[in-house]
Amino acid sequence: CKVRRYKFHVVAKNISRLCSSKSIVTVNGEFPGPTLYAREDDTVLVRVVNKVNHNITIHWHGIRQLRTGWADGPAYVTQCPILPGHSYVYNFTITGQRGTLLWHAHVNWLRSTVHGAIVILPKRGVPYPFPKPDEELVLVLGEWWKSDTEAIINEALKSGMAPNVSDSHTINGFPGKVSNCSNQEVYNLPVESGKSYLLRIINAALNEELFFKIANHKLTIVEVDATYVKPFEIETIVIAPGQTTNVLLKANQKSGKYLVAASPFMDAPVAVDNLTATATLHYSGLTLSNTPTFLTTPPPKNSTENANNFLNSLRGLNSKTYPVNLPLKIDHSLYFTIGLGLQPCPSCKAANGSRVVAAVNNVTFVMPTTALLQAHYFNIGGVFTTDFPPNPPFFFNFTGSGPKNLNTDSGTKVYRLKFNETVQLVMQDTGILTLENHPVHLHGFNFFVIGSGLGNYNSTIDSKNFNLVDPVERNTVGVPAGGWVAIRFRADNPGVWFMHCHLEIHTTWGLKMAFLVDNGQGPKQSLIPPPKDLPKC
Ligand code: C2O
């Protein structure tokens, strides 16, 4: 193993898309940002230098950060932001992980343009558990707004209403031919007939789950969220913000230009950017042009069928080398409701004196002004409380319409776990405002997805159908609209770990909480001391 050093200069850059240009925040002037390459067991040092007028932090989404919570990145959770003109070195070791992940800004809405891929190769000499591809390609899916995203969210918070949706989706930074204004903004995916490719697909969009498919080509799924799965073939995958999916693609056509489509999946009556981002799978030997000859129709945006076909096929690889280490004895059995709600807001006239919020177990999380991890490590009182409720405050038909006049509570509450305790967590969507999919991401851990279903979770019936043999391991999972999902993890990583909906608007509205995991015994089971250059609040 070795040490990999990266320099991330956070700089402004003018970019033009869809016939208009704006200044965006980038890393090293690139959009999407640079790909970070490493091998399992490597230590990674990334010096982030803030050269813009915004506070910044970077999160290494899905990296376990064993005992190195100081390098995790969410602002006011594990660190205070890096102020303009300042820098911070993220220092972490990649332990027991290989595959595709992503990095992104973790403060306000800056991740709309500040994001990129993380590619972790297996240890030297260790093969993939699937046929070695001839080549590898990274595909970052995203969203593009013509206006400044920081202004959009600030405006929405003032009014209490939902923010504007994006103006297009993107594939490696380009929308494809979605309007006359984007005829030249098409990403070309070069392939050679007869060769095989590993596509590392990442959803870096702010607020939308996406379907992804390629005309006339099937995809073989081999990995999600940097964990291997039992390979299976499918036409359409679904990928939520924060999730990654590795697929094998055989360039088994003789020649041609094939449409690549990334389109929204949103099984809810909410506003989405309805446009499909397109790219072209381009066989070699043809003159470059932006018009694919072989087309495909993306699934309708409410096609739960397409989504479930993919999600229900995911199984952990569970081989000798890559076993599923599912906790079988459970110390904490938790039940969290996940959803939107309301709070009074006298100044929010446009929204009739209330504002949209989001909550877990009816608690709308309030961001502290000191980082939780610092407060925990240095015993600073008054920053958070440890009374996060293990169950909803009261029960009702969660997937029906909510009780009248229900306002959410506010608080900076965490749920406390002892080192190595095991957790089973059922997350239940609620329909207080509207039923909606919520891709929930847990920092610091992978978890096993042991079950999911529609309606209200029924512990006696539904727990009988849990997959305790080969559940898929992920870091981000969709709580289905009008349904529930059950996960398990082991609290083997001391620190403070954020959990939130990875639709950024829901995080902003308060759909977030944190787990506090105490140190175990001795230095091997304890959080390392904070680095000297850790930013102060
Ligand atoms: Cu990818 Cu807390 O986020």
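In what order do the five strands of the open sheet with mixed pairing stand? The order is S11-S19-S18-S13-S16. The model described here is predicted. Its chain is divided into domain 1 (1-124), domain 2 (130-316) and domain 3 (332-525).

**Domains**
- The centres of domain 1 and domain 3, taken over C-alpha atoms, are separated by 25 Å.
- Domain 1 gives 16 residues to the contact, and domain 3 gives 16 residues.
- On the side of domain 1 that touches domain 3, seven residues are nonpolar, five are polar and four are charged.

- Strand S11 (187-191) and strand S16 (237-239) are the edge strands, and each of them pairs on one side only.
- From one strand to the next, the twist averages 25°.
- Strand S13 (residues 209-214) and strand S18 (residues 257-265) run antiparallel and are joined by six bridges.
- Lys213 has Ala261 of S18 opposite to it.

**Helix H2**
- Helix H2 (residues 304-311) lies across S13, S16 and S18.
- The helix runs at about 90° to S16.
- Its buried residues include Asn306, Ala307, Phe310 and Leu311.
- Seen down the axis of H2, the buried residues fall within an arc of 125°, so they line one face of the helix.
- An α-helix has 3.6 residues a turn, so residues three or four places apart point the same way.
- The cover over the buried residues of H2 includes S13, strand S15 (227-234), S16 and S18.

**Four-stranded sheet**
- A further open sheet has four strands in the order S2-S1-S4-S6, with mixed pairing.
- Strand S2 (20-27) and S6 stand at the edges with a single partner strand each, so one side of each has no neighbour in the sheet.
- The twist here averages 20° from one strand to the next.
- Strand S1 (residues 3-17) runs antiparallel to S2, and eight bridges join the two.
- Asn14 has Ser23 in S2 as its bridge partner.

**Strand S5**
- Strand S5 (residues 58-61) is covered on both faces.
- Ile58 and Trp60 are buried on one side of S5, and His59 and His61 are buried on the other.
- In a regular strand the side chains alternate between the two faces of the sheet.
- S5 pairs with strand S7 (residues 99-105) in the antiparallel sense, over four bridges.
- Opposite His59 stands His104 in S7.

**Asn91**
- Is Asn91 buried, exposed or partly exposed? Asn91 is partly exposed, because 17 other C-beta atoms lie within 10 Å, whereas a buried residue needs 20 or more and an exposed one has 12 or fewer.
- Leaving aside residues up to four places away in sequence, Asn91 touches Leu45, Thr68, Ala71 and Pro531.
- Asn91 and Lys22 are 69 residues apart along the chain, and 33 Å separate their C-alpha atoms.

Terms used:
Residues numbered from 1 in each chain as written. Predicted model: local features only at pLDDT ≥ 70, side-chain atom pairs only at ≥ 80, totals over all residues. Domains from an automatic or database assignment. Contact = placed C-beta atoms within 7 Å. Nonpolar A, V, L, I, M, F, W, Y, C, P; charged D, E, K, R; others polar. Pairing = 2+ DSSP bridges. Axes fitted to C-alpha atoms, helices over the stretch in contact; angles between N-to-C directions. Arc of directions from axis to C-beta.
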